[in-house]
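This briefing sets out selected computed features of the protein chain displayed below.

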Amino acid sequence: MAATGNEEQTLLPDIEEEAEGMEREMESEEEEEEGMGVEHSEEEDEEDTSEDELENEAEIQRLEEQLSINAFDYNCHVDLIKLLRQEGKLHRLRKARQKMSELFPLTEEIWLDWLKDEIRLTEDESDREKVYELFERAVKDYVCPEIWLEYVQYSIGGMGAQGGIERVRSIFERALTAVGLHMTKGASIWEAYREFEIVILSTVQPPPGSAPSQEQQELLNAQLERIHTLFRRQLAVPLMDMEGTYAEYSDWADDGVPEMVTRQYRRALQQLEKGKPFEEALLVSEPPKLAEYQAYIDFEMKEGDPARVQIIFERALAENCLVPDLWIKYTTYLDRQLKIKDLVLSAHERAVRNCPWTMGLWKSYLLALERHGADHQTVTDVFEKALNAGFIQATDYVEIWQSFLDYLRRRVDFSKEWSRELDELRAAFARSLDYLKQDVEERFSESGDLSCTIMQIWARIEALHCKNMQKARELWDSIMTKGNAKHANMWLEYYNLERSYGDASHCRKALHRAVQCTSDYPEHVCDVLLNFERVEGSLEDWDAAVQKTETKINRVNEQRARVAEKEALQARQEEEKAEHRRKAKADKKGQKKSQKVNRTGDKRKADDEYEEEWGEDAELPSKRLRGEDDFGSTATEELMETESGLFGRRAPPRKTEPPGFRKNQRASSEAPQQPQDVSKEQRIDENCVFFEDRLAVPEALKLDRKEVDGRPMYVSPCVDKNKNPDFKVFKYKTAMEKHKIFISGLPYTCTKETLEDLCKQHGTVKAIRLVTNRSGKPKGLAYVEYENEAQASQAVLKMDGSMLENFTLSVAISNPPSRKMEDKGVPSRLLGAAMPRQPQGARGKGRTQISLLPRSLYRQSTPDAKAENGTVSAPHTTETDGVHGGPGTTSPDTQSKSLSNEDFARMLLKK
């Protein structure tokens with residue numbers, strides 16, 4: 001909690017003077033060391049130290065400049081304090097801590113460092129009082145046992161002053177009230193209090209061998225009773241290691257432990273056993289432990305002990321101070337159950353200080369201030385702070401204004417014709433309208449009050465309490481001019497106001513205007529006008545109403561008919577466009593089919609010629625897929641001979657099969673599958689697996705997207721796409737999942753472990769999915785599933801806009817768009833995809849029927865010609881330079897002649 005302005009003014013000058021004095025002393029000590037000739041053994045260390053100091057000073061100046069631009073940069077404050085403490089800049093360090101404490105609640109670590117630094121500088125009693133004030137500020141931010149323990153230990157050091165012992169006891173009692181019920185850390189406060197009283201007991205005991213006086217005996221008995229009382233109080237509270245405390249009391253008490261204390265101790269032990277599972281869950285879980293604290297809070301609320309409910313709320317808020325829902329739950333409990341003014345208002349103030357962007361906390365704070373009788377200036381100051389809190393939507397400003405106006409309205413005594421409170425209320429209404437029109441619209445591009453709720457409330461107050469219908473009518477005229485005249489409900493609201501506080505003529509006028517302007521529910525407004533004239537109007541009024549309503553209804557029917565005709569025309573046009581697209585698609589499909597038939601006929605002709613050359617029963621080498629194992633050395637030798645450029649026709653190769661091939665072939669023939677148009681990569685990476693047991697299929701499907709050698713493996717049911725073209729398998733939900741967050745902007749090097757370390761700071765992470773493409777490369781996207789919605793919301797709040805390896809993360813609740821299943825026609829063959837092989841003989845046809853050499857390099861062979869290089873061409877075959885014996889067109893009438901190297905050069909030059 002921030003200190004008040006007076007505290008800041010009294011503390012800061014004295015603190016600055018002390019800091020300057022300490023710095024001067026340190027400088028003088030350094031000068032004395034230099035004067036005495038203190039030499040360092042290594043000059044390089046001095047140079048390195050000076051360089052580090054210069055770098056730190058530059059960083060300090062950069063942080064201070066950044067804070068001068070944006071004072072609400074929390075991390076910048078923390079970094080500046082760390083650097084200043086490291087460099088020993090006491091004067092600037094105190095200023096930095098002071099500024100941060102004014103804007104934010106400080107963590108336990110920052111407070112303890114600050115307090116320990118100030119304690120070391122304490123010299124006289126006036127300095128001790130400043131430290132006491134600092135402790136009072138520290139214990140108000142959060143309930144921390146360590147700070148309270150440090151406070152009581154520091155106060156013991158001042159027990160020698162006048163009233164020091166009573167002051168120590170008062171601080172101890174406050175500490176017990178605040179953290180004495182802490183099941184794991186509260187025992188340290190109890191034990192420190194007991195040890196303090198035992199030390200006091202030793203001071204009041206008479207010297208050995210002397211008889212105490214009556215006064216000494218009374219002091220001794222009173223001190224013994226204090227210690228007995230502390231033991232009894234502690235044993236009635238469920239705390240860890242209660243058995244040790246009970247044994248210590250048994251040894252210390254001369255008359256043994258009283259029966260009543262034993263019963264309370266056993267009851268506390270039972271409560272401790274009930275709470276142990278929750279404490280163990282908190283012990284093993286990682287921060288912020290929100291789910292574990294929620295379960296603990298629900299348990300304590302069922303138990304019904306307000307003090308224990310309060311302490312568990314405070315423990316949860318110390319680790320989840322930025323969760324608005326937890327603050328709302330806590331303050332609501334205090335408002336409805338405890339109703340203690342100081343406790344309630346302190347909790348509300350800390351709530352809005354930790355979560356200033358939450359309008360509901362400010363609204364509850366204003367109500368609590370009014371409920372507990374706070375002065376008007378305090379309520380006004382809190383409201384002004386709320387306006388500067390920076391809400392995230394325009395409607396929040398409308399609601400906070402409504403709450404403040406309700407408070408001002410309840411202050412007015414309307415039995416008086418005039419009062420200062422009434423003028424203040426009217427001024428506040430006028431200011432609210434200007435604020436929404438200027439400030440809110442400038443920020444959000446809307447006022448947030450489309451139906452003019454604030455003006456309606458103002459008009460009703462003027463009509464009901466102030467009997468000022470003229471002002472109410474002016475307000476309603478303004479409401480209608482803001483785009484509300486076309487809504488029937490707005491006119492009926494105005495009509496009801498006139499009906500209740502106005503006269504019949506204004507009611508009739510309002511209804512006539514409503515009939516003329518309404519566009520959403522004109523029939524309803526017409527019925528209201530006719531019913532009004534049945535009760536209030538004359539014959540002339542009735543005739544005028546009937547004529548006006550009939551005219552309005554006829555005009556509305558004509559407009560609706562024109563709209564229906566226009567919609568029907570648009571529908572016909574859309575149908576015509578759709579029919580045109582279907583025809584164009586069918587024509588295009590027919591053209592592709594005819595082209596495909598032509599290509600198939602050409603290939604079939606080439607196949608027939610090839611069969612005539614080799615014979616129907618001849619076997620040709622099949623196309624070998626990349627990644628297949630070699631089925632023997634014969635196929636490898638045939639491939640090598642083909643690529644080596646041997647001339648002449650070769651006999652069909654002898655078919656060789658690997659061991660077990662027949663068996664596999666028979667097994668596959670039981671479930672034959674037709675070849676499909678699949679790409680080369682798909683043929684390599686896709687496999688179909690058959691199981692003997694159907695129960696094995698669900699287990700196999702769980703392997704979907706499991707990484708294998710750095711790439712995701714996709715597993716889905718084997719479905720015939722020809723029979724089920726729209727079959728899709730997508731294992732993840734496409735609807736909103738409030739317990740799951742979507743993260744974009746991740747670095748491509750981010751791993752699951754890195755992301756889990758980042759996300760588990762905000763809750764229990766159940767699953768993480770990094771989105772990748774089919775090759776396993778990350779897309780910079782991820783889905784993280786938390787245990788509940790609260791943890792996911794907290795993660796969005798804290799992680800959105802954060803940095804990870806110089807990448808800005810964008811975090812939101814998972815709400816992916818729906819996957820649209822588009823109608824697809826016959827898929828065209830992709831570029832580079834293989835066409836289905838046409839069977840030819842037992843092994844199919846060759847790899848390709850296309851020659852890859854330019855036509856200018858073709859030559860026709862002659863039966864008896866001899867080439868210069870000594871090779872003889874095979875008769876009646878087409879030869880290419882370097883590739884022979886392949887399938888070609890026979891030409892018995894043409895013969896090739898011998899060509900020299902010069903002939904080849906001339907042919908190339910011509911080309």
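His372 counts as buried because its relative accessibility is 18%, where buried means under 20% relative accessible area, exposed means over 50% and partly exposed lies in between (1.4 Å probe, protein chains only). The model is predicted: local features need pLDDT of at least 70 and side-chain atom pairs count only at pLDDT 80 or more, whereas totals for chains, interfaces and linings use all residues. Residues are numbered from 1 along each chain as its sequence is written, and side-chain values use heavy atoms, with hydrogens and water left out.

- His372 is placed in the loop between helix H17 (359-371) and helix H18 (376-387); helices (H or I, at least four residues) and strands (E, at least two) are DSSP runs, numbered from the N terminus.
- Apart from neighbours within four places in sequence, His372 is in contact (heavy atoms within 4.5 Å) with Lys339, Ile340, Lys341, Val344 and Leu345.

**Chain as a whole**

- The secondary structure of the chain comprises 33 helices and ten strands.
- Among the 911 residues of the chain, 33% count as buried.
- Of the contacts in the chain with a separation of 6 or more, 62% involve residues 24 or more positions apart.
- The chain exposes about 56,600 Å², of which carbon and sulfur atoms supply 50%; accessible areas come from the Shrake-Rupley method with a 1.4 Å probe, and for residues only the protein chains shown count as cover.

**Ser451**

- Ser451 is located in the loop between helix H20 (420-444) and helix H21 (453-464).
- Ser451 counts as partly exposed because its relative accessibility is 34%.
- Residues up to four places away in sequence aside, Ser451 touches Gln456, Asn484 and Met490.
- The C-alpha atoms of Ser451 and Ile479 are 8.0 Å apart in space, and the two residues are 28 residues apart in sequence.

- Leu770 stands opposite Ala782 in S5.
- Five residues separate S4 and S5 in this hairpin, and Gly776 in the turn has a positive phi of about 90 degrees.

**Val697**

- Val697 is placed in helix H30 (residues 696-701).
- Val697 counts as partly exposed because its relative accessibility is 35%.

Notes
Two strands pair if DSSP finds at least two bridges between them.
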